[in-house]
Every structure is written in structure tokens, then in C-alpha cells.
Amino acid sequence: MHRALSSKWLNSALNIAEHSKAVELPLFLCPSVNLARRHQRLGAVASSSPVPPSRWRAQHRCLHVEADATTTTTAPVPPLTIGNVEPYPVERLPKQCHGCGAFSQTITPNQPGYFGLDRKAVRNYLRPQATGRSRHEDDVYKSALERLDHEELKAKGVDVDALVSSIPLPDTVQRPLPKVPLCDRCHFLMHNHSGESIYHPSIDAIRDTIQESPYKFNHIYHVLDAADFPMSLLPRISELLNMAPLRSKNRRSKSGKFYGGRKIEMSFVITRCDLLAPTKPQVDTLFPYLREVLREALGRTGRDVRLGNLIAVSSKRSWWTKELKEDIWKRGGAGWMVGKANVGKSQLFEAVFPKGRMEQTPSKHQIKVDMHATSNPGQEAAMTRDTKGQSELTQDDMEDLKTKYTEEDDLDEYALLPPAPKETNYPEMPLVSDLPGTTASPIRIPFGNGRGELIDLPGLERTGLEKYVKPEHRLSLIMRSRIVPEQMTLTPGRSLLIGGFIRITPREPAPVMLSYAFTPIQAHVTRTEKAIGIQDQTSEVNIENIAVAKASEKTKLAGSFEIRWDVTKQRTGPLTRKEAVGLKVEQLPYRVLSADILIEGVGWVEITVQMRNKDLFGKKPTSDEQIAEEPQEQRELTALERLEALGEDPKKRARPRPTPAQEPVSEKPELNWPVVDVYSPEGKFISCRRPMNGWILNKPRVTAASRKSRPRKSMKGAKKLEKKRRREREAAGAAQ
């Protein structure tokens with residue numbers, strides 16, 4: 001039986017108590033809450049009396065953020081009247097906020113989905129006829145015409161009647177329809193960049209939500225961020241891959257399979273690729289590199305899969321978004337945006353959603369499946385009574401009839417997937433914000449006249465690094481545009497600080513290293529002793545540390561990473577180019593090694609080092625030398641061998657033969673890789689990958705103005721020299 005259905009019957013059988021509303025989790029994450037309301041619904045359905053519609057729409061459905069001292073107390077219910085105006089019809093509020101997807105509510109402020117009645121946009125939406133724009137300009141214009149002499153104006157040829165008739169009457173002013181407002185949280189996120197993050201769902205909640213899909217054909221778009229790729233790969237991705245397996249390299253493998261009456265496939269979408277290189281052709285050349293890095297990140301799962309479902313896009317510059325939009329349109333069914341928080345799912349959603357295609361003829365193939373029977377028999381009976389006596393009804397009439405009986409009590413409180421909204425040509429898109437966890441609940445937007453829908457799911461928790469950063473600097477952790485880094489030199493005894501609280505220190509004996517920080521926060525090179533003091537917040541050096549005070553107490557070693565990827569051919573320039581010198585890498589007396597140190601949610605640091613071959617391939621004690629140094633054990637002679645030895649000449653007497661040594665197993669010699677130690681809060685948020693050579697792609701451009709044949713002549717001491725020469729000339733003239 002379905003997981004969500006089994007949880008319903010188990011919870012009903014065990015009679016679990018209702019949780020407090022102050023710490024109530026969102027229903028799509030925790031479907032075992034609000035059991036009392038569930039029992040009331042079941043009792044109402046069993047009885048013959050109809051259930052009265054609820055005045056407060058979905059206000060018990062949401063508390064999406066973590067409970068703390070400010071959210072544990074329930075705020076008083078706001079008054080429904082303002083002054084002497086009649087109560088506002090709050091039942092007209094949308095079921096969900098189109099910005100974050102949270103269910104509408106008017107009880108708890110500062111929570112997702114809360115609509116405050118004191119906001120002008122909300123009042124205009126609830127009662128547009130009572131809130132009209134003041135026509136003060138028309139009154140001023142009319143009074144100015146009355147003060148003028150009409151006869152004098154007519155004598156000058158002015159058409160006074162036309163001027164008077166140009167003022168529109170109050171009843172004839174055409175006011176546009178009010179725009180659907182955002183909830184208060186989304187409003188403050190958009191205009192003030194302030195708000196609380198939500199509880200992040202788990203991979204189990206995401207999997208169960210996808211399994212409740214009403215579509216036969218489903219496609220998961222796993223969104224990855226290019227800034228820290230591949231650290232935004234979902235944990236326990238194998239559980240999703242079991243539901244949507246990747247196609248193997250076997251030429252007989254099928255492109256997709258049906259499981260439980262559904263076909264679920266998966267694609268990997270790397271967003272914000274404009275952070276990697278300045279132009280689209282340069283990003284396209286990185287595609288094989290991105291595929292191999294993803295294959296390594298998948299582990300054993302990625303060894304034998306094709307990974308032909310990898311897409312690299314940029315919503316900001318519209319790179320490959322048109323192709324992805326057409327792919328979503330051709331597939332139809334349900335498209336699921338899955339990924340960690342703040343990887344760009346909502347921005348990608350807006351860029352690839354197929355808008356304005358309601359006039360298209362729906363597909364003849366059945367793409368929807370009937371999940372369950374009608375949950376409310378009273379609704380079916382009421383619809384039967386309304387349709388009785390009507391011989392023919394159009395499709396629009398049937399939709400209106402269904403909407404009429406779709407009230408709050410008909411919504412399944414235990415469903416992980418919210419109801420789908422009415423389809424429009426140009427719907428409101430989800431809110432795009434820098435706050436991690438903006439989307440509070442799944443947002444479903446249909447397209448193509450029933451062809452399919454695109455669903456934006458809440459993001460999984462990506463990183464906890466922001467809790468160690470001061471609140472005023474948390475927005476600076478996000479890389480918004482491409483970074484052109486500065487080349488910094490790490491000599492022995494020096495370290496690199498990122499933001500003052502992440503330290504990269506080469507391990508002694510360390511060669512000279514070059515570092516390039518592709519991070520939005522400031523990088524600084526200093527002596528290791530000073531760097532430790534700045535990181536521990538005990539130094540008086542004027543270097544900014546954006547971490548909070550408790551971060552220094554939890555600083556640990558995140559890992560020791562070897563700089564072991566050979567980039568000699570990319571870094572040596574004309575020496576290894578075929579059209580130039582054309583040397584092979586093996587002929588060079590050195591090697592250039594590199595690696596990328598990743599900081600989760602922030603960016604990466606490229607480290608490059610040049611080592612001599614004799615230092616890199618230096619001799620180490622091998623197994624042969626160890627065996628030669630060990631004393632050889634002597635074997636005792638047998639009785640027959642002792643008798644033969646007595647009869648022989650003492651000079652030719654056989655000596656004990658040593659035990660034959662085992663031949664050493666040929667192993668690849670270990671190289672002396674340079675190592676860097678990285679220290680971060682809790683020893684987390686750090687990883688390593690093969691280098692992308694970002695400095696070669698993003699280094700500052702060399703223009704004609706920057707190229708100079710020779711440096712400018714130094715003017716040091718020029719004035720003194722000129723004075724000296726002038727005095728010499730004056731003295732020579734006086735002597736003559």
C-alpha cells in the first residue's frame with residue numbers, strides 16, 4: 001500500500017495526540033499532525049448532515065519555520081474590521097502563496113503564508129471596490145478650469161467643451177483587476193531581504209511527495225549549483241536513483257522503466273554556469289570535465305552509467321534554457337525540481353516554464369492516472385443533485401462545479417502534494433530570493449492545456465556555514481556574478497585566509513604555491529602565526545573576520561588534501577604546444593600540479609604548485625631495501641645433510657643455505673604530493689575536486705593599453721638633478 005495511505009491508517013489506529021500549533025510542522029513534511037481535524041472530517045462524512053464551509057481558509061496548515069522564543073506563542077487573532085468598514089472576506093484569499101507555496105493563514109505573523117489585513121495590497125485584493133485611487137489631480141484640473149474665463153478662452157480658439165469632457169467621471173474609471181498579493185514573509189523577502197528560513201525537508205519526504213504524483217510520466221530535474229559543484233549533490237542519492245534508475249553503458253539497456261504504473265526518469269541540471277567562464281563556448285568546453293566530476297561524486301553508482309542526461313544552463317544569460325524548456329514541453333507529465341536550498345531552482349523554474357501555450361491541443365495519450373476514489377461521498381452526491389436535470393454541460397461548467405465544492409474541508413490534510421491551481425497562460429512564478437529555504441511547500445503550475453505541470457519542491461538543507469557568520473555578512477556568502485580572482489603566492493610559512501575564519505595552510509616542507517580564490521568573500525595571505533590568531537579572534541591585526549565569536553571555539557581540521565592532478569600541459573604554454581616547441585610532458589624537468597578546494601555554498605579556491613621531478617619522484621624506502629636490511633634466518637640441516645657434511649672436505653663443507661626470499665610485489669611508487677591542511681568551523685563544509693583551471697578561463701584580459709613596450713622612466717630625484725644642472729649652468733655663466 002502507498003506509504004502516505006499507510007501512515008494515515010496507522011495514525012488513526014494508534015490515536016496519536018495532536019501536536020501544539022506553535023511547533024506544528026508543514027503538512028507536506030509531517031502528515032501525521034492535526035488528527036483531531038481528521039477525525040472531525042471522518043465523522044462529518046459518516047453523518048448525513050453537510051459540513052459547513054470553514055471561514056478561515058487553511059490557517060491551521062502551516063508553521064514552517066523552527067520554533068523559538070519568538071514563535072512559540074500564538075499571536076491573537078487580528079480583527080477583521082478596520083475602523084467602521086465591514087469585515088473583510090478572508091475566504092477570498094488564495095489557497096497558497098504563489099511566492100513560497102505556503103498555505104494561506106491569518107493567525108500567526110512572521111510565518112509563511114500569513115496575510116496581514118493591515119497591508120494595502122491585501123485589502124485591495126479582498127475588496128477592490130472599496131479601495132480606489134484618489135482622483136485628486138482631476139479635482140485640481142477641474143477647479144482650475146472653473147476659475148478661467150471661458151469666453152476669453154473661446155476667443156483665443158480654445159475648445160473649452162473638449163477640455164471639460166476630458167475629465168472622466170468617477171463611475172467610468174476603469175480600474176485594473178487587483179494583483180494576487182504575496183504573503184507577508186515573501187513581501188519582506190522581496191523588498192527588505194529579511195526573513196526566517198523554513199524547516200528543510202528530508203530525502204524521504206521528497207521521495208514520498210514524488211510518489212504521490214497523479215501523472216504516469218514523471219521526470220526529476222536534480223538541480224546542482226556550479227559555484228561548489230558537485231557538493232550540492234543530494235545525500236543518499238541512491239534512494240532516488242532506485243526510484244529513477246540511470247541508464248547504464250550496456251547497449252541493450254532501456255531508456256526508462258515503469259514502476260508501480262509510473263515512469264520516473266532523472267536528469268542532472270547544473271545551474272549558474274555563467275560563474276565558470278565568461279562565454280558560452282568556454283562553458284561548453286567544460287562539459288566533459290563536469291561529467292567526469294559528477295561521475296566521481298556518484299561513487300560506485302557512476303562507474304557504469306552513461307550520464308547523457310547532464311545539462312549545464314545559465315538562467316541569467318539564457319544559456320541552454322530554451323532547449324530545456326522544449327524538452328519539458330515534449331515530455332509532458334510532471335516535472336519535479338529537486339535539489340538543495342539556494343541552488344537556483346526557483347530562478348530556473350521561471351526560465352524554463354513553457355508559458356502561453358494553453359491553446360495547444362492536449363495529447364491523445366493518457367498522461368494522468370486516477371490515484372484514489374473520491375474521498376467525500378457528500379461532495380459527489382451534491383454534484384449529482386446539481387447536475388440532475390441538465391442534459392448537457394460544457395467542460396468549463398464542470399470545472400466551475402468542481403471548484404464550487406472544493407472548500408477547505410475537502411482538502412486532504414495528509415496529502416504531501418498540495419492541490420493544483422487553475423491553469424493560466426502566464427501564471428505567477430515562485431519568488432526568487434537569496435534566503436536559503438524560500439520555498440516552503442511544493443508549488444504546482446500546470447501548462448499546455450492539461451499536458452503537464454512543473455513542480456518546484458522545497459530545498460534540502462545545503463549547509464550550516466551561515467550560522468557561523470555574522471548576520472550582516474550572510475548575504476555576502478552567495479556568489480552572484482563571475483569572479484576574476486587575484487593571483488596570491490603562498491611561500492613557506494604563510495597561509496591563506498578566506499573571510500578570516502577558513503584557513504588553508506601548506507604542510508611543511510612546502511614548495512611555493514599559487515592560489516586563486518573564486519569566492520565572494522575576501523581572501524588574504526599572511527604568516528601562519530598571524531593567520532591562526534585572526535582565525536581564533538585573538539589577534540589585534542586589522543584583518544576582518546566575518547565569523548561569530550563561537551566559531552573560533554569549534555574550528556577543526558576539515559581535511560588534508562593532496563595537490564595531485566597534473567596540469568603541466570595546460571600551464572606550460574608554448575613548450576608543449578604542437579605548433580610551437582612541441583615538447584612532451586615527460587621531457588620537462590618539472591611538473592605542474594593543481595587541485596580545487598571547495599567551500600560549500602560559497603565557491604572554490606584553485607591551488608597550483610610547480611615541483612621538480614627529483615622532488616616529486618624522490619626515492620623512498622622500497623620493499624627490496626627493507627628485505628635486504630632484514631637479517632636472514634638460517635635453516636637447520638637435516639640428519640642426512642649433516643652426515644654428508646662430515647664426509648666432505650672441511651673447506652668444501654656446505655654452509656646452511658638461506659631461506660629463499662619472496663619476490664617483491666611490483667607496486668606503483670608513491671609520489672611526494674604536496675599537501676594543504678584546511679581548517680573550518682566544526683571541520684565541515686570543505687571538499688576537494690580535480691582542477692577546472694578556472695584561472696586560465698577567468699584571468700584578467702590583456703588589452704592593447706596594458707601592453708607597453710617598456711616601463712615608464714622613473715622620476716625619482718628628477719627635480720634635484722634639474723636644480724643641480726641649473727646651478728651648474730648659472731655658475732658657468734657667472735665665471736664667463
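## The nonpolar cores

Welcome to this predicted model, where the largest nonpolar core has 54 residues, and I210, L240, F268, I270, L294 and V338 touch the most other members. A nonpolar core here is a set of buried Ala, Val, Leu, Ile, Met, Phe, Trp, Tyr and Cys residues joined through side-chain atoms within 4.5 Å. Buried stands for under 20% relative accessible area, exposed for over 50%, and partly exposed for what lies in between (1.4 Å probe, protein chains only). Helix α11, residues 287–298, gives the most to this core, with five residues. Helices (H or I, at least four residues) and strands (E, at least two) are DSSP runs, numbered from the N terminus. A second, separate core has 39 residues, including M488, L490, I607 and L671.

V338 deserves a visit of its own. Leaving aside neighbours within four places in sequence, V338 is in contact (heavy atoms within 4.5 Å) with I206, I210, I220, Y221, H222, V223, L234, L240, K345 and L457.

## How to read the values

Residues are numbered from 1 along each chain as its sequence is written, and side-chain values use heavy atoms, with hydrogens and water left out. As the model is predicted, local features need pLDDT of at least 70 and side-chain atom pairs count only at pLDDT 80 or more, while totals for chains, interfaces and linings use all residues.

Is strand β7 (residues 452–456) buried or exposed? Five of its five residues are buried, so β7 is largely enclosed by the rest of the structure. G452, L454 and D456 point one way from β7, and E453 and I455 point the other way. In a regular strand, side chains alternate between the two faces of the sheet.

Two strands pair if DSSP finds at least two bridges between them. Strand β5 (residues 333–339) runs parallel to β7, joined by five bridges, and W336 has I455 in β7 as its bridge partner. Strand β6 (residues 443–447) pairs with β7 in the antiparallel sense, also over five bridges, with I443 opposite D456. β6 and β7 form a hairpin with four residues between them, and G448 in the turn has a positive phi of about 70°.

Helices α12 (residues 321–331) and α13 (residues 345–352) pack at an angle of about 75°, with their axes 9 Å apart. Axes are lines fitted to C-alpha atoms, for helices over the stretch in contact, and angles run from 0 to 180 degrees between N-to-C directions. That makes α12 roughly perpendicular to α13, a label for angles of 65 to 115 degrees (under 35 is roughly parallel, over 145 roughly antiparallel, the rest oblique). On the α12 side the contact is made by T321, L324, K325 and I328, and on the α13 side by L348, A351 and V352.

## A five-stranded sheet

Five strands form an open sheet in the order β12-β9-β10-β17-β13, with antiparallel pairing. β12 (523–527) and β13 (555–562) stand at the edges with a single partner strand each, so one side of each is left without a neighbour in the sheet. The twist averages 25° from one strand to the next.

Strand β9 (residues 494–498) is joined to β12 by five bridges, and S495 stands opposite T526 in β12. Helix α16 (residues 528–535) packs on the sheet, touching β9, β10 (502–506), β12, β13 and β17 (675–681). The direction of α16 makes about 125° with that of β12.
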